[in-house]
Amino acid sequence: MNVDSIPLQAFLIVSSILFCIGIWGLLNSRNAVRVLMSIELMLNAVNLNLMAFSSYIDNNLIQGQVFAIFVITVAAAEAAVGLAILLSLYRNRVTVDMESFNLLKW
Amino acid sequence: MSIAVTTQLICFSILSLIIIVGSLGVVLLESIVYSAFLLGGVFMSVAGLYLLLNASFVAAAQVLVYVGAINVLILFAIMLVNKKEDLKPIKYLNSRKLISSTICITLLSLLVRVDLTDTWIIADPKLSIGEESTIRLGEHLFSDYLLPFEVASVLLLMAMIGAIVLARRDVLSEDISTGLPVDQELIEKSDKPLLTQKK
């Protein structure tokens, strides 16, 4: 790949923006499904970072791609368990409003 | 990847525009269904960026796992919990939004500053493995990353069993007190929670 083409910083900035949008959504969403979507956005930002470093800095051994594969695996497991927790929460509380899940609030 | 620099730049600009606008839509749109479909678009664009970075296998895995599995799972969850409800107003909502936006913008400026000011040691592009990356990835997964690879399979099994246990409904085929058959519909009833005792 011709490294002169797209600077590494461009990929890093896109992934930073994606990560910050994910954090904003995580902090501000009232809907629990949207919180899970924001977590997926943040995981994608991390993956994009790993892939960019793997392609520009470690372009022979590409260990970043292996890391990204593992992150995708863990994200799949997290989504499955998170949505199952969401379903059982919905059965108990009959709502997906994050503000009503305050059982552990002191 | 052996495409011209200008083409790469155009592809990168379009894909990153889709990613940023789409993710803003995911967190800001009112309808959760639109958010879920936009999330699929964001995942596809990230896969496109992976292709630009010479990672065809990870791009395919991204499309299969994120778009094919996680996004569909999210859509099913939306269908199962899709109840129109009026969110009750909470105190200090505006100041909460203001504080969290400040935190996010500060973090973003910090990250962008690190991205731009740090000197990254770019490797020699002649060493690049290029489009052979899938072969190298397979070598990694079956030699030095073999243990994490096997542990990942155990993790997936545990997640599967855990999801089944958490999402299972303990519904009996007949009511204990009356002996009448209980209707086991897949669709949640909007008016009553399922785990309450049937009297």
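Modeller: What follows starts with that ring pair and then moves out to chain A and a few residues around it.

Keep in mind that this is a predicted model. Over all chains, the count of aromatic pairs comes to seven. The pair you ask about joins Phe70(A) and Tyr145(B). Their ring centres lie 6.4 Å apart, and two rings pair if their centres are within 6.5 Å. The ring planes meet at 45°, so this pair counts as tilted. A stacked pair would need planes under 30 degrees apart, and an edge-to-face pair would need over 60.

Phe70(A) and Tyr145(B) are both buried.

Rings of the two chains also meet elsewhere. Phe11(A), Tyr56(A) and Phe12(B) are linked by ring pairs into a cluster.

Now step back to chain A. Chain A has three helices and zero strands. Read from the N terminus, its elements run α-α-α. The radius of gyration of chain A is 18 Å, while the globule rule gives 13 Å for 106 residues, so chain A is more spread out than a compact globule. Its C-alpha atoms fill a box of roughly 55 × 25 × 20 Å along the principal axes.

Even so, 64% of the 106 residues of chain A count as buried. Take the contacts in chain A with a separation of 6 or more: residues 24 or more positions apart account for 61% of them. The accessible surface of chain A is about 3,800 Å², and carbon and sulfur atoms hold 68% of that. Chain A carries 5 positive and 6 negative side chains. The centres of these two sets lie 21 Å apart.

Next, look at a residue in helix H2 of chain A. Asn47(A) lies in this helix, which covers residues 32–56. Is Asn47(A) buried or exposed? The relative accessible area of Asn47(A) is 0%, and buried means under 20%, so Asn47(A) is buried.

Tyr50(B) lies in helix H2 of chain B, residues 32–52. Tyr50(B) has 0% relative accessibility and counts as buried too. Beyond four places in sequence, the contacts of Tyr50(B) in chain A are Asn44(A), Asn47(A), Leu48(A) and Met51(A). In chain B, Tyr50(B) contacts Ala55(B), Val58(B), Ala59(B) and Gln62(B). Tyr50(B) and Ala60(B) are ten residues apart in sequence, and their C-alpha atoms are 9.2 Å apart.

Finish at a loop of chain B. Ile129(B) sits between helix H4 (93–117) and H5 of chain B. At 15% relative accessibility, Ile129(B) falls under the 20% limit, so it counts as buried. Not counting residues up to four places away, Ile129(B) touches Asn59(A), Asn60(A), Ile62(A) and Arg136(B). Ile129(B) and Arg96(B) are 33 residues apart in sequence, yet 48 Å apart in space, C-alpha to C-alpha.

Notes:
Residues are numbered from 1 along each chain as its sequence is written. Chains are lettered from A and ligands numbered from 1 in the order in which they are written. This is a predicted model: local features need pLDDT of at least 70, side-chain atom pairs count only at pLDDT 80 or more; totals for chains, interfaces and linings use all residues. Side-chain values use heavy atoms; hydrogens and water are left out. Rings of Phe, Tyr and Trp (its six-membered ring) pair if their centres lie within 6.5 Å; planes under 30 degrees apart count as stacked, over 60 as edge-to-face and the rest as tilted. Buried means under 20% relative accessible area, exposed over 50%, partly exposed in between (1.4 Å probe, protein chains only). Helices (H or I, at least four residues) and strands (E, at least two) are DSSP runs, numbered from the N terminus. The radius of gyration is taken over C-alpha atoms; the globule rule is 2.2 Å times the number of residues to the power 0.38. Contact means heavy atoms within 4.5 Å. Accessible areas come from the Shrake-Rupley method with a 1.4 Å probe; for residues, only the protein chains shown count as cover. Lys and Arg count as positive and Asp and Glu as negative; His and the chain ends are not counted. The place of a charge is taken as NZ of Lys, CZ of Arg, CG of Asp or CD of Glu.
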